[in-house]
Amino acid sequence: MRVSQRVVIACATAIACCTTSATQAGYSAPGYDLQVVKSATGLANSAISYQTNGLWSSSGAGKTVTTSFTSTACESISFSRLYLDIWGGTKAKTCIVTAYLNGTSLGEIAIGGEDDKNSDAYDATKTCVYGSGSCAWQIAYAGISPLLYTDGTANTLTYTITDTTTGSTTGFDGRTYGASLVTVYSDASIQQTLDYYLAEADGTMRSSTGNSYGSPNSRTLTITGIDTDNVASATYIAGYTHGTTTNSADQLTFNGTSLGVDPDNVSTGDSSYLPNNLSFDVADLLKEDNTIQFSVYTAADGTTGDTYLRPNIAVLAVTHTVPEPSTLALLAVAGGVAAIFAARRRKRS
């Protein structure tokens, strides 16, 4: 049931992006639970895409990195969010990230430092930075929809990480697990309505209890208020920065039901520091109020999970069927005929 998600993107024009200061970045010793930052319901002729490009071996402080996201043609984009997941080396090291999307600046983002706090967490209208307290950082860029192409042209992201660490410690590492793009798009050819829920954070988990970073071994995401009527499909995508152990026993449950292979095992990588997007059909598990639980799992037989694991992006997409145009036409005709007979009955009475 699990498949990697390759996706679609779109739209054109330009926006002005402002510089984000270091005081707006987001260090938190235990990291951040995933939380819904953007949702919408009843979007006609719409779909959501989620694409991630692994960048570990080609990135690092001082390098200019270029990557692109394959586009598909569409009529419009209603929302998009761009993510960079970056390794710093230690929580105290600092850097500035300068990024361009399709040639337009996304501003300079200063991240790092033990005393950094996130004043803009979980706000999809703003560029947010999440730091786990264990050397990893996530930048979530806002306001990028007008920069994306709608004609099927690939969208190009270019960025540079500049070390700003001072003192005797070595510099900010700057290798990037991956860049991710989430896009909600519309086109007349898409015969469905869409409800979607996007969650984000740096949800670092560690298998050892009482570890020095304060990271828990499980995290919970709740998604409420779901329309469960006339559901055509329900897909849950769990995004992780990377995995550290091949076939590790990492557990993911949706409303108490384990997702992945037996027993309770979601394999999240092969220690190559590449991102993982795991996709699950949850139509039969869907409720109005839903609980998704991640854990660095230790089985009863002593099998251990990853030393650490970082769920960082989650998408729940629920689609609803709409009548075909021919069916709508028949319904309109039937309604017209019914109205005529009703009028005749009124005249006779």
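Is Asn-45 buried, partly exposed or exposed? I looked up its accessibility first: Asn-45 counts as partly exposed, because its relative accessibility is 27% (buried is under 20% relative accessible area, exposed over 50%, partly exposed in between, with a 1.4 Å probe and protein chains only).

**Ground rules.** I am working with a predicted model, in which local features need pLDDT of at least 70 and side-chain atom pairs count only at pLDDT 80 or more, while totals for chains, interfaces and linings use all residues. Residues are numbered from 1 along each chain as its sequence is written, and side-chain values use heavy atoms, with hydrogens and water left out.

**Confidence.** I checked pLDDT, the predictor's confidence in each residue from 0 to 100. The protein chain has a mean of 81, and 72% of its residues reach 70 or more. Over residues 1-24 pLDDT stays under 50, yet the model has 94 contacts for them beyond four places in sequence (contact means heavy atoms within 4.5 Å). Residues 326-332 are also below 50, and that stretch has one contact beyond near neighbours in sequence.

**Positive phi.** I returned to Asn-45 for its backbone. Its phi is near 50 degrees, a positive value in a residue other than glycine. Most residues other than glycine have a negative phi. Asn-45 sits in the loop between β1 (35-44) and β2 (46-54); strands are DSSP runs of E with at least two residues, numbered from the N terminus. I noted a second case, Asn-230, with phi near 55 degrees. Asn-230 is in the loop between β13 (218-223) and β14 (231-240), and its relative accessible area of 49% makes it partly exposed.

**Sheet.** I traced an open sheet of five strands, in the order β1-β11-β20-β14-β17, with antiparallel pairing (two strands pair if DSSP finds at least two bridges between them). β1 and β17 (276-281) are the edge strands, each pairing on one side only. Neighbouring strands are turned by 15 degrees against each other on average, direction ignored; the axes are lines fitted to C-alpha atoms, and angles run from 0 to 180 degrees between N-to-C directions. β1 and β11 are joined by seven bridges, and Lys-38 has Leu-198 in β11 as its bridge partner.

**Cores.** Which residues have the most contacts inside the largest nonpolar core? I found Leu-221, Tyr-236, Leu-252, Phe-294 and Leu-316, in a core of 46 residues. Such a core is a set of buried Ala, Val, Leu, Ile, Met, Phe, Trp, Tyr and Cys residues joined through side-chain atoms within 4.5 Å. Strand β20 (residues 311-320) gives the largest share, six residues. Another core lies apart from it, with 31 residues, including Leu-106 and Ile-139. Leaving aside neighbours within four places in sequence, I listed the contacts of Leu-316, among them Tyr-196, Ile-223, Tyr-236 and Phe-254.

**Aromatic pairs.** My search of the whole structure gave eight (rings of Phe, Tyr and Trp, the last by its six-membered ring, pair if their centres lie within 6.5 Å; planes under 30 degrees apart count as stacked, over 60 as edge-to-face and the rest as tilted). Tyr-32 and Tyr-122 are edge-to-face, at 6.3 Å centre to centre and 75 degrees between the planes. Tyr-32 is in the segment before β1 and Tyr-122 in the loop between β6 (104-112) and β7 (128-131), 90 residues apart. Tyr-32 is buried, with a relative accessible area of 12%. Phe-79 and Tyr-196 are stacked, because their centres are 6.4 Å apart and their planes at 25 degrees. Both are buried. I also noted that ring pairs link Tyr-32, Tyr-122 and Tyr-130 into a cluster.

Key: Helices (H or I, at least four residues) and strands (E, at least two) are DSSP runs, numbered from the N terminus.
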